[in-house]
Amino acid sequence: MKICKAENLFYLVNDQVALIMEEKEGRLFLRHFGGPIASYHHANAMHEMDHAFSPNPRSEDRTFSMDTQRQVLGQVGRGDFRKPSIRINHTNNQVTDFRYVDYQVLDGVPQVVGLPSPHAKEGQAQTLKLQLKDTVLDLYLNLYYTLYEGSATLTCFQEVVNQTGETIELATCLSAMLDLPAGAYDVISFQGAYGREKRFQRQALKQGYFEIGSSRGASGHGQTPAIILADRLTQDDAGQAYALQIMYSGNFQAFAQCNQLEEVRLGIGIHPDLLHWRLASGESFSSPVALMTYTFQGLNALSQASQTFILDHIMPPAYSQQLRPILINNWEATYFDFNFDKLTQIVDKAQEVGIELFVLDDGWFGDRQDDQRALGDWVVNESKLGGPLSRLIDYVHDRGMKFGLWIEPEMISQESDLYRQHPDWVIQVPGRSHTYARSQLVLDYANPEVVAYFKELFGDLLSRYAIDYIKWDMNRNITDVGNGTSLSDTLMQPHRHLLGVYDLMAYLTQTFPHVLFESCAGGGGRNDLGVMRYFPQVWVSDNTDAIERLAIQHGHTYLYPTIAMGAHVSAVPNHQMNRTTPLKTRGDVAMTGNLGYELDLCQLSNEELGQVAQQVAFYKTIRPIIQRGQRTRLLDPEHFPNDWACQFSYQDQLIVFYGRVLSTLEKSELTLKLKNLDPHAFYQEQSSGKIYSGAELIYAGLTMVVPRGDFQTSLQHFKKIQ
């Protein structure tokens, strides 16, 4: 791993990836982002020529234009007509001309104040800081690029420092920008909606823009703050691909732009339509951190590089390899209709089948009899629980299980004591009526009083009670932004609000490191790297239907690690889809994530309870393989829309999952060619006892035989025996 400057070239190189930039007359150009190159000699230099209508900084040289160069920084008004990475409203225009001044090589990973940042052990990372200054104004721009030992991912962000003596406004401040050579590319994104999150989408990139984003105040169910650019022929096991991701949970934009010369610009950052950040003289602003990942070994390698980086450098270190408990959540079993006896009956059944964690969901506080009231009144409803919360917690702990609790700190009901005391704590436009979602409003975490109040309230809750797990929910998006004292102040509210939310998350997770936090936002409405820096587990969707979960869980694990993904077995007919699937299928699908249950165990037959007990016992034997193992896709759902398959490899063990959605007639069974095995070794399937050579599993494949009928799955466990 090295970061250095050789003549006018900057190198960031390890054994996986290289970023090479060139400085010419103070301008910075991207010469290479991709495979490791230790010595660069301009083999891929752009052929400079006179392109029609491309402006030139020098009248005597029509071959050089900022409109045609592969740049590190996209600016406004100096001849580059592509989307900018920095746009500043100042004096009477938006024109800037930042030029290189100096550089530093820093040890470790810079921590962005107020925002989630990666982490690294000593000696694992180095950072290149490039210092730039505008040619006219006392505006400074610092670009940070961090290289990690053995990783195909770099991280970056930019920092604007205003020394002009005047207030300026940041209109665009992207976290990452990549200019790449012309080529035949596909763009990959993960989209959807509530209940069908993170659906894989791939399409050809043509001249123009491909853009995704969110203006909801959260990353959202419909979009994932990530974008992948792949060569047209790239598939799971071969080909080049680039990924940009951002550690941010609010309004974002990611784009791929193919210009008239067919050159490509990728960018990701806070949504520029919703930034409007005023920066007084002497102040600075830092963008969120972005991840840039590259592979030439196919999309499986890209996924595994991203997953490994998240485990090593984003997820809280204490949890990245800590096996997750098998839980049962009472929500779909009882909704708001529960009491102490009903809950303890579920706890008793859970203990019988070997479940390890009981989670009490919504309805335990205030006058919370339905979703119309009491959000914000975080006082235990002892009448409903038949006594103090500690009584239920002790009951759970006495049975050898852990105890978890649901909270929703960012929301408030208008019908609540807190709202009656502090209506000014709600995000709202003065003089206008509220806009509701799930009959609730959003608290204004841009207000320091709100942050301080909930630090004390939830700090007291976690200090007073022996809580092992918190499910932090967020069930609506932001509307009616208008709490500022002026328009410019109001326009800064969305980012300030998120900074306040992160402040509370950081405080609680640092103060109570023994508590496992799970993020939920109506399921997967905020399943992103910003939240994952604080919460090592995510409820990826409220949709618990096993068949819908195939696509949702596939999309989540395309970039994110399996150990972050909660997956539950629920009752049938399913509460979201009204579909009936076999208990085995529900169990197999849930066991490809962090297994949990969300149903009333008391309503199951003895036979079904026996199946649940078998699932729990089996999962405990394979849990390290699923949660710590390397996940590899075995089928491409674009070409096999009726079939899903993946494998998990950990040490000398292997799990192979296969799912067939609809029954077929007069078709041969699929044969899966397994990956990452030792061809000279032998592997024994633990259920049947059959032994296969690694070579035949790799080259000949393993035939998938499941019962006839819809919604059938197979989960096979192999151990290397020689």
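**Ground rules.** The model is predicted, so I took local features only at pLDDT of at least 70 and side-chain atom pairs only at pLDDT 80 or more, while totals for chains, interfaces and linings use all residues. Residues are numbered from 1 along each chain as its sequence is written, and side-chain values use heavy atoms, with hydrogens and water left out.

**Domains.** Domain 1 takes 2–46 + 68–314, domain 2 takes 327–628 and domain 3 takes 633–721; the bounds come from an automatic or database domain assignment.

**Domain 2 against domain 3.** I got 34 Å between their C-alpha centres. On contacts (heavy atoms within 4.5 Å), 22 residues of domain 2 meet 15 residues of domain 3. The buried area is about 1,800 Å², with 75% of it on carbon and sulfur atoms; that is accessible area (1.4 Å probe) lost on putting the two parts together, summed over both. Within domain 2, Leu550, His554 and Ile625 lose the most area to domain 3, together 32% of what that side buries.

**What holds polar atoms together there?** I found three residue pairs in polar contact between domain 2 and domain 3, both residues at pLDDT 80 or more. A polar contact here is a pair of N or O atoms within 3.5 Å; within protein, one must be able to donate a hydrogen and the other to accept it, and sequence neighbours count only if both atoms are side-chain atoms. Salt bridges between these two domains: I count zero.

**Which helices face domain 3?** On the domain 2 side, α11 (546–559), α12 (583–590) and α13 (606–628) each give at least two residues. The largest share, six residues, is from α13. Helices are DSSP runs (H or I, at least four residues) and strands likewise (E, at least two), numbered from the N terminus.

**Annotations.** I checked the unreviewed UniProt entry, which marks Asp473 and Asp542 as "active site"; such annotations may be inferred rather than shown by experiment. The two are spread over 70 residues of sequence yet cluster in space, with a largest C-alpha distance of 11.2 Å. Asp473 sits in the loop between β26 (469–472) and α8 (487–491). The entry also puts "domain: Glycosyl hydrolase family 36 C-terminal" on residues 651–718.

**Salt bridges.** I searched the whole structure and got 35, counting a side-chain nitrogen of Lys or Arg within 4 Å of a carboxyl oxygen of Asp or Glu. One I noted is Glu211 with Lys83, 3.3 Å from N to O. Glu211 is in strand β13 (residues 208–214) and Lys83 is in the loop between β4 (27–34) and β5 (86–89), 128 residues apart.
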